Amino acid sequence: MATYTYPTFPYHPPHDLMQAAPQRKPLVVIGAGPVGLAAAIDARLHGLDVLLFDEEDSVSVGSRAVCYAKRALEILDRLGVGDPIVDKGVGWNVGRTFLREEEVYHFDLVPEAGHKRPGMINLQQYHLEEAMVRRAEELGVDLRWKYKVAGVQPLEDGARVSVETPDGAFEIDTDWLIVADGARSNVRRQLGLDIEGHVFKDRFLIADVIMEADYPAERWFWFDPPFHPNQSVLLHKQSDNVWRIDFQLGWDADPEEEKKPENIIPRVKAMLGDARPFTLEWASIYTFQCRRMKNFRHGRLLFVGDAAHQVSPFGARGANSGFQDTDDLVWKLALVMKGLAPDALLDTFDADRTYAADENIRNSTRSTDFITPKSTVSRLFRNAALELARTQPFARKLVNSGRLSVPAFLVNSALNTPDADEFEGNMVPGAPLDDASVRVAAQDGWLLDQLGNRFQLLVFADKVELVDPAVLAHADALAGAAIPVETVVVTAHAGNHPANLTVLHDSDGLVARRFDARPGTCYLIRPDQHVAARWRQFDVAAVRSALARATAQDAPPPAARRPATEAAAA
């Protein structure tokens, strides 16, 4: 019994791309996984023509990445694909960790109200990809299925891409190349680009089983359970009554043998009991890897997702951090491609996302060392923490079955304008925005649904009538600048307002509380919904200066970077 019918996407012969030798395109994306599709969709939202190559003609096989964190869902909302993902997926906030059969720790990802999205959605990757393909088609992405990228030659002003299709091979030039071809990136390997880190000596079995069960939609993780002694097990609920089970196997396990149904089914029966019927739908074996490329930018080549960095699956930091890569990259690339920002702006993609990757790798490595300790000291610490957590609250915070994905706070980004005024709370320059409920045109809505894809200036006021007149006097000029800034007024009280002014009614006061805002407070928000700058009073010169900084207009010349052409020749 299968719960999903895999689509076959249409193959289009490359005759239109062979008319010149070679043609040139402004932007090519390699890889139609979730991250490559996110990059292509975002590029279209910014008005860029984009050509996407994938060597297959369907979505990925198996559940693969199944956990999508709140920040990833907010990015998918901005891309216009959040609703089908949340509607199809299984939302959850609570995780429980067990030692043998006793619960020793639990967490709640969204302990406060007033957020549109849950802490996590579980959904098989094929559902996500199909929804993203439909959105890409809707926006006019030029999707080419069965187009295998056989090679990439970096150029001073772009890249030459060699492509193989069922109707022959050809070459095409591109001004910019986004590489999203996964952990085994052929492009990265062919160019001889570095990837550094650790491969941990352990193996895990993924088993997707179809079954009726009344278990709550929570993350359950066992250390040393009686049904799989001396190892660990993870259970997640997915859509269509598919349950994801991860069994730790140990490094000596034979991957090919362990994937055979006759070896998987007894493990599942030991866990569920003989009385519960189930059907095995899909299985795979994986190992932990925590590593990244030294740089994600190599000239006109930009690496994102698993092609750039890999982490262990415990913590759901893979696809989620890949979405954050494209979230950071595409608005910057669009400004550079349109001639509105200098090339140095893309160096901040490299700096900020390698910083985020290091944070993910640190957390993933710590989780891996706790789950599968490889030294006597690590094992003693792990076992002591688990035993103490049964009775001692302080020890429960030491239990680490995977620190789950959270967005990176880019507090050291060169694009931030440092605070000149006193603020409290988390909405510091470089932070991704917190969501909150608002009223928009007398209708219930959400803050983040009103923000993104352009620069915006949030201005807080009791009423529209009490907004600083200087704000209204400069709103049109800011909106009409080469890089527009839309003025958005957040009011504590509803009222009438000019038709050309965007006003959000903070009816519950959540926005003001989360932003530590009072009347007159202003926030400059980036297209990716990160804070660029904030002030207690409006100053148009300060806004323009912060905008220049946020787009690298006042940046020093970029540091010397080894071009991809040199790396490929090394």
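How many aromatic pairs does the protein contain? In this predicted model, the count comes to 24 aromatic pairs. One of them joins Tyr6 and Tyr126, whose ring centres are 5.5 Å apart and whose planes meet at 65°; the pair is therefore edge-to-face, since an angle over 60 degrees places a pair in that class. Tyr6 belongs to the segment before strand 1 (23-30), whereas Tyr126 is part of helix 4 (residues 125-139), so the pair ties together parts that are 120 residues apart in sequence.

The overall fold comprises 15 helices and 26 strands. The radius of gyration is 25 Å, close to the 25 Å that the globule rule gives for 570 residues, so the protein is as compact as a globular protein of that length. Along the principal axes, the C-alpha atoms fill a box of roughly 70 × 65 × 45 Å. Of the 570 residues, 55% count as buried. Among contacts with a separation of 6 or more, 73% are accounted for by residues 24 or more positions apart.

Asp327 illustrates a charged residue in the interior. This aspartate is located in helix 8 (residues 318-337) and counts as buried because its relative accessible area is 3%, which is under the 20% cut-off. Beyond its neighbours within four places in sequence, Asp327 is in contact with Asp42, Arg71, Ile75, Arg78 and Asp528.

Phe381, Leu388, Phe394 and Leu398 make a nonpolar surface patch of about 390 Å². Within this group, Leu398 lies in the loop between helix 11 (393-396) and strand 20 (437-440) and is partly exposed, at 36% relative accessibility. Another loop residue, Ala113, is situated between strand 6 (102-108) and strand 7 (120-122). Ala113 is exposed, with a relative accessible area of 64%. The C-alpha atoms of Ala113 and Arg362 are separated by 30 Å, the two residues being 249 residues apart along the chain.

Methods:
Residues numbered from 1 in each chain as written. Predicted model: local features only at pLDDT ≥ 70, side-chain atom pairs only at ≥ 80, totals over all residues. Heavy atoms only, no water. Patch = residues over 30% accessible without salt bridge, like charges linked within 9 Å, V, L, I, M, F, W, Y side chains within 5 Å. Areas by Shrake-Rupley, 256 points an atom, 1.4 Å probe, with all protein chains shown as cover. Salt bridge = Lys/Arg side-chain N within 4 Å of Asp/Glu carboxyl O. Helix = DSSP H or I, 4+ residues; strand = E, 2+ residues; numbered from the N terminus. Buried < 20%, exposed > 50% of the residue type's maximum accessible area, 1.4 Å probe, protein only. Contact = heavy atoms within 4.5 Å. Rg over C-alpha atoms; globule rule 2.2 N^0.38 Å. Phe/Tyr/Trp six-rings, centres within 6.5 Å; stacked < 30°, edge-to-face > 60°.
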